[in-house]
Amino acid sequence: MGKPHIPFPKQGTTKEEILRIMHAAREKDIRWQDGRAFSLIYHAGEALDELLKTVTLLFFSENGLNPTAFPSLQRFEAEVVSMVADLLNGDENTVGNMTSGGTESILMAVKAARDWGQANRPNIQPPEIILPRSAHPAFEKAAHYFGLKVIHTPLRHDFRANPQAIRQAITPNTVLIVGSAPAYPHGVVDPIPELAKIAQQAGVLCHVDACVGGFMLPFVERLGYPVPPFDFRVPGVTSISADLHKYGYAAKGASVILYRHSHLRRYQLFACTDWPGGIYASGAMTGTRPAGPIAAAWAALKFLGEDGYLEITKKVMETVMNIRAGIANIPGITILGNPEMGVMALAGEGVDIYEVGDEMGLRGWHLDRQQFPPSLHLTINALHVGMEQAFLDDLAVAVARARRLTLHKIANKVLVYGTRWLTRLLPDRLVSTLTTKASGLLAGSGGGLPNRTAAMYGMMGTLPNRGDLKELVLDLVEGFTRVPANDD
Ligand SMILES: *Cc1c(COP(=O)(O)O)cnc(C)c1O
């Protein structure tokens, strides 16, 4: 029997050596500091960063599992929940919890809706959740984990959820309708008042996913830009998720899930009273909980305050407007729909947008690929203020190059044709792994692997069966925790 590739270390390693290895390992990581990466990093400057690091260290050892042991953490969490409830126009009845991120907040909202449904209508089997196509995959994950059935509804032409389709999708088993403010793919806010009204009329719950928008839209609105109603001011909205670690500019591992009434949140909670280890209870998914993100979130809200967030949001929106104006002046590309804040999708018009993505990659810009329709994703935040001209200059060149390549490819149909599967899931650096696997699956596809990802996306379209694609992606996920054969 072979052994795992990396043996358990026999002796300890010095601090110096560990730091040397780790610094070297970081060299291939995306360099986000120069504002050329989108969606993974939210950064509001050195002063806040220093504070977040200080308070994270201060609460490095504490554990958020048991609030009675650390009243400080209990206070910070309760105050964060209250501050966010106020920001999103809740009232004295609004309750909630801090979680490790948007996914956990969404898992909790779906779990609460399921248990609420089962408590109130005993014969629903399985409970159903209505998801507009643009809703975040965390809802699919929740349904997958908790045994709900997902009913998908198509988007309107403006990429927002379609209330009519949602109304038609309601059945006696429906427990929850989901809307996003905004949805991640195109950055547009769903018509929440209409969705919440449908939910009210049907007697079901309505969750607003403000994970990405919760800490930006309120300030965008206060600055006078148009923002459709999405928060607790809208009757029928029963829960809201909002991520502190995105536009809240807190440290990673921090989100909030809010409910309009405590009787709904009750369905989220867990208690086990029969364990020899004692009575065990938890508010959300995790047991042991790092205290750093709780402390850092509290510090971020207090440090910036409304003034600070307004100042940041003002600059970000100016950057957004400059980028949108610049894009409008580049023929061959367009922003999809009419996004309200810093999240948007860039599509091609007669230009293969994936080629634009490759060309931008060659110029050091990391843009995620999306599908249905093909597009590139931008999340513009404080990190990107001031980089707009450099971005637009490179984008104009990238589009011109892609246009030439597109023409070339039309004469060369083999690589052009193909669906847009996978395109949003995979960061550039994973695509080569996948290309290797895909070429194995595509018997007789010949040796030469394409080194440009746009060609790769075309090739993926020739996979005989989409079930294979899901397996390929799961292979890739398994690979994340495997040590590669010849790496040190
Ligand atoms: C980021 C995001 C999520 C998931 O949040 P994580 O913190 O990545 O788990 C859910 N919904 C939307 C709209 C998001 O942008």
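Which polar side-chain atom lies 2.8 Å from an oxygen atom of the ligand? The atom belongs to His245. The structure is a predicted model, in which local features need pLDDT of at least 70 and side-chain atom pairs count only at pLDDT 80 or more, while totals for chains, interfaces and linings use all residues. Residues are numbered from 1 along each chain as its sequence is written, and side-chain values use heavy atoms, with hydrogens and water left out.

The ligand has 13 residues around it, and Gly102, Thr103, Asp209, His245 and Lys246 come nearest; a residue counts as near if one of its heavy atoms lies within 4 Å of the molecule. This shell consists of five nonpolar, five polar and three charged residues. Here Ala, Val, Leu, Ile, Met, Phe, Trp, Tyr, Cys and Pro are nonpolar, Asp, Glu, Lys and Arg are charged, and the others, Gly among them, are polar. Helix α4 (residues 102-120) gives the most to the shell, with three residues. Helices (H or I, at least four residues) and strands (E, at least two) are DSSP runs, numbered from the N terminus.

Phe38 and Trp365 form one that is stacked (planes under 30 degrees apart), with 6.5 Å between the centres and 25° between the planes. This pair links distant parts of the chain, 327 residues apart: Phe38 is in the loop between α1 (15-25) and α2 (46-58), and Trp365 in the loop between α11 (353-362) and β12 (368-370).

Most residues other than glycine have a negative phi, and most peptide bonds are trans. The bond from Gln125 to Pro126 is cis, with omega near -15°, and Pro126 is found in the loop between α4 and β2 (128-132). Another cis peptide bond joins Ala181 and Pro182, with omega about -15°; Pro182 lies between β4 (174-180) and α7 (192-202), in a loop. Asn89, in the loop between α3 and β1, has a positive phi near 60°.

Terms used. Polar contact = N/O pair within 3.5 Å; in protein donor to acceptor, adjacent residues only side chain to side chain. Phe/Tyr/Trp six-rings, centres within 6.5 Å; stacked < 30°, edge-to-face > 60°.
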